[in-house]
Each structure stands twice: as structure tokens, then as C-alpha cells.
Amino acid sequence: MTAFNPLTAILIKTNLWVRIIVLLAEEYKFVLDEVCPEKPGDDATDDEQKDYQKWIKADEMARCYILASMSNVLQHQHQSMESAYDILENLKEMFGDQNRAAKQTAMKALLNTKMVEGSSVLGANINKDTQVEMILRTLPDSFQQFRLNYNMNKMDLSLAKLLNELQSAETIIKSQAPRVALNFEAG
């Protein structure tokens, strides 16, 4: 297991999606998107062997994070699955539509978490979906309808398209804001 760091501390109190964000930060998330490569043969190059071992190690870490975040019943159902990818695919089948709401809840927990004073800042690559969730989470209440539409319509926008849509929504929101009429009576 990797050395304990401030981001890993989040794992103790949060759910599966925050754990996946931690996998992302620790550069293990690729195993959630890729099926296990075939085991290299005896004639494989050193690089092929290293790539395979890297995938196996990352998958073991991801499986541990995921299984640790589950209830005992779900752990029992998933512990015999070969990879983190397989576990997540099965979870998507079981809980598919709850996925987005869970991500948003996890993102809220993550964004409300602060580093401990004096700890090192981690450099992390954050994928597009996580960036979008972070943007949506930081919008003010006036964008509630936008968030609802985004989720209900299962939109999947690039960051550039999302920002364009947000600018359009902002224009609409501003035009619908109640205008305060000032009445001056001659006196």
C-alpha cells in the first residue's frame, strides 16, 4: 500500500466515489477503465512485463479500496471477481442510475475537505468527468435547474461545451431575475 497521505485520510470517512477519486490522484484509476491485459509470454520484453505488473499492482490497490467501501453483503458478492474493472461493471449494472448522484455527493464531501496544515500538496490529474462534477458542485443555487437538467438528461459535455452552456444559462438566469421597480412620487 502507498504511504499514508492527506488524501488517503479521506478514505476513512467516505464512500466509493471518493475512493475512486483517490485512485485517480494516485494514478491507479486506469484499471477502472481497462480490462486486464493478457499475461505476457516468456518472449515478452521487459517493458511489457513491467506494464503488466504495474496493471496488476494498481488493480490490487483499486480492488482493496472498492471492497473496503462496500457493505459486507456487497463485499461477499464481489470479492471473487478478478478485477476492479469487473467489480465496477457489476456495480453499474446493479446501481446504474444512482451513479451520478453518488458522484455528486462524494464530490461535495471532497470539496468540503481541507488539507491538514503543514501537509504536502498533492499533484493530481483529474479526469474530465470529475472536473465537470467539480464545476457543477460549485455553482450557486440559481443554477439548480441547470444541474437538474444536466443530470436528468444524462448530459456528457466536454469542458468547453459545458462552459458555453453555463454562459447561456447565466444569460437566461440574469434575464429572468426579478427587476426592482423604483417608484418616485412627486411630492
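Is K154 buried or exposed? Select K154 and look: at 55% relative accessibility, K154 counts as exposed. Here buried means under 20% relative accessible area, exposed means over 50%, and partly exposed lies in between, with a 1.4 Å probe and protein chains only.

**Before you start**

This is a predicted model, in which local features need pLDDT of at least 70, side-chain atom pairs count only at pLDDT 80 or more, and totals for chains, interfaces and linings use all residues. Residues are numbered from 1 along each chain as its sequence is written, and side-chain values use heavy atoms, leaving out hydrogens and water.

**Stop 1: the whole chain**

Show the chain as a cartoon. It has ten helices and zero strands. Both are DSSP runs numbered from the N terminus: helices are H or I with at least four residues, strands are E with at least two. Along the sequence the pattern reads α-α-α-α-α-α-α-α-α-α.

The chain exposes about 12900 Å², and carbon and sulfur atoms supply 52% of that. Accessible areas come from the Shrake-Rupley method with a 1.4 Å probe; for residues, only the protein chains shown count as cover. Of the 187 residues in the chain, 31% are buried.

Next, contacts, meaning heavy atoms within 4.5 Å. Take the contacts with a separation of 6 or more: residues 24 or more positions apart account for 60% of them.

**Stop 2: confidence**

Colour by pLDDT, the predictor's confidence in each residue, from 0 to 100. The chain mean is 74, and 67% of the residues reach 70 or more. Select residues 1-14. There pLDDT stays under 50, and the model has 26 contacts beyond four places in sequence for this stretch. Where pLDDT is low, the predicted coordinates should not be read in detail.

**Stop 3: V35 and its partners**

Select V35. This residue sits in the loop between α3 (30-33) and α4. V35 is exposed, with a relative accessible area of 52%. Which residues does V35 touch, not counting those up to four places away in sequence? They are W55 and Y85.

**Stop 4: helix α4**

Select residues 46-68, which form helix α4. At 1.5 Å a residue, its 23 residues should span 33 Å, and the end C-alpha atoms are 33 Å apart, which agrees. The expected span is 1.5 Å times one less than the number of residues.

Show side chains. The buried residues of α4 include W55, Y52, D59, R63 and Y65. Then pick C64, in the same helix α4. C64 counts as exposed, at 51% relative accessibility. From C64, go to Q79, 15 residues away along the chain; their C-alpha atoms are separated by 9.5 Å.

**Stop 5**

Return to K154. It lies in the loop between α9 and α10. Check its backbone: K154 has a positive phi of about 50°, although it is not a glycine.

**Stop 6: helix α10**

Select residues 159-176, helix α10. Its 18 residues should span 26 Å at 1.5 Å a residue; the end C-alpha atoms are 25 Å apart, which agrees.

Which residues of α10 are buried? They are L162, L166 and A169. Look down the axis: the buried residues of α10 fall within an arc of 65°, so they line one face of the helix. That arc is taken from the directions from the helix axis to the C-beta atoms.

**Stop 7: two salt bridges**

A salt bridge is a side-chain nitrogen of Lys or Arg within 4 Å of a carboxyl oxygen of Asp or Glu. By this rule there are two.

Select E165 and K161. Their closest N and O atoms are 3.3 Å apart. The two residues are four apart in α10, about one helical turn. E165 is partly exposed at 26%, and K161 is partly exposed at 39%.

Finish with E170 and K174. This salt bridge has its closest N and O atoms 3.9 Å apart. Both residues lie in α10, four residues apart, about one turn of the helix. E170 counts as partly exposed, at 35% relative accessibility, whereas K174 counts as exposed, at 58%.
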